[in-house]
Amino acid sequence: MKIRKITISILLLLVVPFWLYSQSENVDLGMIYKIKQEEQRNSKIDDLTFGLVDFTGPRLTASTGFSHGCDWAKKKMEELGFQNIRIEEAGDFTRGGWDNLKTYAALTAPYYANFACNPVAWTGSTNGLVKADVVLVDVRTEADLDKYKGKLAGKIIMIPATTTTPYEINYEPLASRYTDDQLKDLAKETTPGAGRRGGQPMDFTAMMAQRQLRTKINEMLKGEGVACILNNSGTYNIPRSNGANYKAGDKEPTPELNIPMEDFGRIQRLLAKNVPVQMEIEITNKFFDSPKVYNVYGEIPGTDKLLKNEVVLLGAHIDSWHGGTGAADNASGCIVMMEALRILKSLDVAPKRTIRVALWGGEEQGLYGSRGYVSKYLVDPQTRQHKPDWDKFDCYFNMDNGSGRYRGIYLQQNELVRPIFEEWLKPFADMGCSTITIRNTGGTDHQSIDGAGLPGFQFIQDEIEYDRGYHTVMDTYERLVMSDLRVNAMVTASFAYNAAMRTEKLPRKPEVKMPEGSGQRGPGGMPPGM
Ligand SMILES: [Zn+2]
């Protein structure tokens, strides 16, 4: 008996470490090697970039350019041999279609100077080439509106933004890599919502008050029949791109033009010294019926009998603003996701689970595409009722912080995936990509998945010319760092492969009961239109 007990103990000693070992992540380093080799030798990043950036051009949601972008992506996915490729409706889009056909603006008095400018999307056209006086309409409260009534017909109007702070010389570099210390700090920080981008809580009350005042101003200006409204929007002579909160079918809003603060400031200073200022402006925009948002999908189907219907999702938004070519925001993300799937396809992998790429529409107007996917396939946003694909959903990886190299990943508070990602990132530590932070990061499509209670993640990225490029006319090819995109494609491909081959799906955050009215986030984590 004694001998038997000892034998069992020895057996246990031998078995337990093996059992523990089998619980750790089993990363196929041979496959990681192949992924890296494929990207280093046969990268198609350059080709994808030309196609989606220069060839396709701007891709404002529901514009003609957006349709071209989706068509290009579908065709390219077909060329690359992806399967189940489709452009699919993701939901209603109340703003409708809008194209900018012509934009020109110049100062004509006290002297001639042409201005870099960009029209506000979903605003109207000028009546041909208009030449008019510029008037500063300084409205801080509703009462200020009375001063201008009956005096603005046919004028070009400037509204100083109430939030504008005076210009200060910027001593920060345009592009930067995270230092080791910064990454250490990022990993340590555990304050929820303290992510580098989009993590700060919004002051909704102040924002709504400002929005209401702006609506009142717009109503007054519409009644007055002004020719055009100039916005102080952009620095370094780079106008920003944004859009009006227009509802399809409403009367076309007064034309609005974003001009950078250097030009805006010059006019404002001239007017303050009573020097008359005149401008000529011509804007032609086209409104058209386009009431839906679309997503583009392509995939490598799963091959395992039991797991093939489970989905590992990779995504980025294909819509952009209309000023530049949306290279960093977010062609770069789409390119990386498509390239990651291309790498796996060219290696003839047979993933157990399906690996799907989703290129979302309508991100810039409120995560429409990814929220549409969640409500169509995963969970009803109102009733919280799970859809059939809920149980089959594994995880989502998103890229939307520009061209910068991956330096690690945000856990979105999901501590359960940390030991898994630690192993997955090890083969990329020597590329500087190994940081794991518990923090949330926000502002983009992974929030739709994470907000639904499913594993949705975004990578930590170096900030490359972020401030000048994002949402401006300078979001172009030049903002991209191809070598960084190649690294990101390798990491994404290996994450997708690891997830698709893993025995279990990635662990979900345990459900936590929230008290009634505690502001629990729904899918997307933010109200529509933000
Ligand atoms: Zn974006």
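Let's start with Asn42, which sits in helix α2, residues 29-42. Helices here are DSSP runs of H or I with at least four residues, strands are E runs of at least two, and both are numbered from the N terminus. This is a predicted model, where local features need pLDDT of at least 70, side-chain atom pairs count only at pLDDT 80 or more, and totals for chains, interfaces and linings use all residues. Residues are numbered from 1 along each chain as its sequence is written, and side-chain values use heavy atoms, with hydrogens and water left out.

Back to Asn42. Its relative accessibility is 35%, so Asn42 counts as partly exposed. The cut-offs: buried is under 20% relative accessible area, exposed is over 50%, partly exposed is in between, with a 1.4 Å probe and protein chains only. Leaving aside residues up to four places away in sequence, Asn42 touches Gln37 and Arg342. Contact means heavy atoms within 4.5 Å. The C-alpha atom of Asn42 is 9.7 Å from that of Ser346, and 304 residues separate the two along the chain.

Now the whole chain. It has 13 helices and 20 strands. Of its 530 residues, 52% count as buried. Take contacts between residues at least 6 apart in sequence: 85% of them join residues at least 24 apart. The accessible surface is about 24500 Å², and carbon and sulfur atoms account for 53% of that. Those areas come from the Shrake-Rupley method with a 1.4 Å probe; for residues, only the protein chains shown count as cover.

Next, the metal. Which residues coordinate the zinc ion? His317 through NE2, Asp329 through OD, and Asp400 through two OD entries, at 1.9 to 2.6 Å. Donors are N, O and S atoms within 2.8 Å of the metal, or 3.2 Å for Na, K and Ca; water is not among the atoms, so sites may look incomplete. Along the chain, the donors follow the spacing H-x11-D-x70-D. His317 lies in strand β14, residues 311-317, and Asp329 in helix α8, residues 327-346, so this pair ties together parts 12 residues apart in sequence. Both His317 and Asp329 are buried.

Why is the arrangement irregular? Because the four donor atoms subtend angles of 52 to 146° around the zinc ion. Four donors are tetrahedral if all angles lie between 85 and 135 degrees; four are square planar and six octahedral if opposite donors are over 155 degrees apart and all others between 65 and 115; anything else is irregular.

Asp329 comes up again in the backbone. A cis peptide bond joins Asp329 and Asn330, with omega about 5°. Asn330 is in helix α8. Another cis bond joins Ala109 and Pro110, with omega about 15°. Pro110 is in the loop between β2 (97-109) and β3 (113-114).

Then phi. Most residues other than glycine have a negative phi, and most peptide bonds are trans. Asp348 is not a glycine, yet its phi is positive, about 55°. Asp348 lies in the loop between α8 and β15 (354-360), and at 66% relative accessibility Asp348 counts as exposed. Arg384, also not a glycine, has a positive phi of about 65°. Arg384 is in the loop between α9 (368-378) and β16. With a relative accessible area of 34%, Arg384 is partly exposed.

On to the aromatics. The structure holds 20 aromatic pairs. A pair means rings of Phe, Tyr or Trp (its six-membered ring) with centres within 6.5 Å; planes under 30 degrees apart are stacked, over 60 edge-to-face, the rest tilted. Phe397 and Phe457 are stacked, because their ring centres are 5.9 Å apart and their planes at 25°. Phe397 is in strand β16 (residues 393-398) and Phe457 in strand β19 (residues 456-461), so the pair ties together parts 60 residues apart in sequence. Both Phe397 and Phe457 are buried. Trp424 and Phe495 pair edge-to-face, 5.2 Å centre to centre with 85° between the planes. One aromatic cluster takes in Phe397, Tyr406, Phe421, Trp424, Phe457, Phe459 and Phe495.

Last, cysteines. Cys334 counts as buried, at 0% relative accessibility.
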